[in-house]
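Please look over the notes below with the model open. They are in numbered points, one topic to each.

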Amino acid sequence: LAAGTACGSLFTWRRSQAVLKEWNEHTERISSIAACGQVVVSGGFDRKVIINSSDAKTIALHGPHNSHFVDPKHIRCVAICPSHIAAGGSSGIVYVWARDTLELVQELKFHTKEVRAVQIARGIVISAAEDGAVVLWSITSGEPLFHFTQPDGSPLPPVYALAMQGFLVVAGDETGRAWTWSWRTDSEPAAHLDGIQVHTRAINALALQHITSADHVPSDQPGLCEDVWAVSASSDNKVRVWSCATGVVHR
């Protein structure tokens, strides 16, 4: 378990032993954390992206021009997978590093406003920003594969939250609406929920869970929305659980 604070401290707990560790590498508020195995990545308003490992080692990733200051103003979001680390911030650029070398391998440029959410897996990055654009990128080429949009092709309202489960992508916008798509690299994304009103104010966080139970037979294509529930947290001070297939709020 990991938590970041407004003063820049990062705390981690081992669930089996309840052992607490504290890192104080950030000098300003930690805005985002992500974990993969025994590694926690944190991004903050001090413009840094820092790797914190279980052996208490810390490494500040180098940004453009070999600087420890990755973004001109602040880092808003981070993500990590077994092969790569990604971060986005005020500049609208998504930065991608290789985990084995810690080398900055891509600067993904499309967004015109602050990047608020990023997800990474299987050689792709998905980013969402205040410009309403939700973009799926190839890490290898550094080029957008396609854009997730409203049915008429226009951008979404500013997007503050993003989650991915298999080939399912869920976005939450500043108006409290949720959007879901499924995607494949060889075809355009298919929309499932077009701006369903889940909250009355901005959705700030999303998490997905693939459901398997005796009375619910899972799909043979994991990650499709029929088998996935979302948990969303909002500025309306509510946390909701809802179906990614129907948008029905369960609680």
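1. Which residues does Ser243 touch, not counting residues up to four places away in sequence? Ser243 touches Leu193, Val228, Trp229, Val248 and His250, where contact means heavy atoms within 4.5 Å.

2. This is a predicted model, in which local features need pLDDT of at least 70 and side-chain atom pairs count only at pLDDT 80 or more, while totals for chains, interfaces and linings use all residues. Residues are numbered from 1 along each chain as its sequence is written, and side-chain values use heavy atoms, with hydrogens and water left out.

3. Ser243 belongs to strand 22 (residues 239-243); strands are DSSP runs of E, at least two residues, numbered from the N terminus. Ser243 counts as buried because its relative accessibility is 8% (buried is under 20%, exposed over 50%, partly exposed in between, with a 1.4 Å probe and protein chains only).

4. Trp13 lies in strand 2 (residues 10-13) and is partly exposed, because its relative accessibility is 35%. With Leu1 and Leu20, Trp13 makes a nonpolar surface patch of about 310 Å². Such a patch takes residues with over 30% relative accessible area and no salt bridge, with nonpolar side chains joined within 5 Å.

5. The whole structure has 6 aromatic pairs (ring centres within 6.5 Å, using the six-membered ring of Trp). Phe146, Phe148, Phe167, Trp181 and Trp183 form one aromatic cluster.

6. The charged end of Arg122 sits over the ring of Phe167, 4.9 Å from its centre. Arg116 lies over the face of Tyr160, at 4.1 Å from the ring centre. For Arg, this requires CZ within 6 Å of the ring centre and within 35 degrees of the ring normal.

How values were computed: Helix = DSSP H or I, 4+ residues; strand = E, 2+ residues; numbered from the N terminus. Patch = residues over 30% accessible without salt bridge, like charges linked within 9 Å, V, L, I, M, F, W, Y side chains within 5 Å. Areas by Shrake-Rupley, 256 points an atom, 1.4 Å probe, with all protein chains shown as cover. Salt bridge = Lys/Arg side-chain N within 4 Å of Asp/Glu carboxyl O. Phe/Tyr/Trp six-rings, centres within 6.5 Å; stacked < 30°, edge-to-face > 60°.
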